[in-house]
Amino acid sequence: MDLFTVFKFLHVAAAMAWLGGGVTLFAMGMFAASRQDDAEMMRILGSVGFMANRWFVPASLVTLVCGIVMATLGNLWGDAWVVLGLIGFAATFLTGHFVLRIKAMEAGRLMAEGQIAEAANTGRKLMQVAKFDYTMLFTVVAVMVFKPGWGDLVLLGLFALVLAGAAALFLGNGLRRFARA
């Protein structure tokens, strides 16, 4: 066994922890939203806020660091899938930190002030952004699995189409309203 394989295992295990935990909380939020259970949705958003710095950020950073070590050990820095993976990581990390976390905290504040309807409305908007964020995350996973090169235009185009479609479907004009809310 070589060092590259050790870091590959750690990279995949950390990514599983990051995505698995997030997908579970996301699914719980979707179930609560479909039942129109605002109080439950707010409890779940509170869990997201609680887990962010304790689970998601550390798991995502371990994923990143192990990926950087692997790219260095394997001399992979020019490969399309590595560059695109890093871009995808940056996009989803920044979305989580500067959009989802801040709006979840705002929803929590509204909930604490007894403004349950406003908090739930913010939570529903947050779920739309989360849908796009998880589309980005799973696209990054697909990039890591398929490992496209710069010349794989069909596959790269498919990934771009998935992201553009998800942005239109989940964000649409709502992103501007979400930013102002």
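Hi everyone, let me start with the largest pocket: helix α1 gives the most to its lining, with 8 residues. Before I go on, please keep in mind that this is a predicted model.

So, back to that pocket. The space in the largest pocket comes to about 580 Å³. Its lining is made up of 27 residues, and H11, T63, W81, V140 and M144 are the ones nearest the centre. Besides α1, the helices α2, α3 and α4 each supply at least two residues of this lining.

How many cavities of 30 Å³ or more does the structure hold? There is 1. The volume of this largest cavity is about 480 Å³. It has 28 lining residues, and V48, F56, G96, L100 and Y134 are the closest to its centre.

By class, the cavity lining has 18 nonpolar, 8 polar and 2 charged residues.

Next, the second largest pocket, with about 210 Å³ of space. On this one, α3, α4 and α5 each supply at least two lining residues. Among the residues that line it are L84, I87, G88 and A91, then M136, T139, V140 and V143, and also L156, F159, A160 and L163. The class count is 10 nonpolar, 2 polar and no charged residues.

The axes of α4 and α5, which covers residues 153-171, come within 9 Å and cross at roughly 170°. Angles over 145 degrees count as roughly antiparallel, so α4 and α5 are roughly antiparallel to each other. On the α4 side, the contact includes Q128, V129, K131, F132 and T135, as well as M136, T139 and V143. Facing them from α5 are residues including L155, F159, V162, L163 and F170. This contact counts 15 nonpolar, 3 polar and 1 charged residues. Several names come back here: M136, T139, V143, F159 and L163 also line the second largest pocket.

Conventions
Residues are numbered from 1 along each chain as its sequence is written. This is a predicted model: local features need pLDDT of at least 70, side-chain atom pairs count only at pLDDT 80 or more; totals for chains, interfaces and linings use all residues. Side-chain values use heavy atoms; hydrogens and water are left out. On a 1 Å grid over the protein atoms alone, a cavity is a set of points where a 1.4 Å probe fits but cannot get out, and a pocket is an open set with protein on both sides within 12 Å along at least five of seven lines; lining residues have an atom within 4 Å of a point. Grid points are joined across faces, edges and corners, and a volume is the space filled by probe spheres set on the points. Ala, Val, Leu, Ile, Met, Phe, Trp, Tyr, Cys and Pro count as nonpolar, Asp, Glu, Lys and Arg as charged, and the others, Gly among them, as polar. Axes are lines fitted to C-alpha atoms, for helices over the stretch in contact, and angles run from 0 to 180 degrees between N-to-C directions. Helices (H or I, at least four residues) and strands (E, at least two) are DSSP runs, numbered from the N terminus. Angles under 35 degrees count as roughly parallel, over 145 as roughly antiparallel, 65 to 115 as roughly perpendicular and the rest as oblique. Contact means heavy atoms within 4.5 Å.
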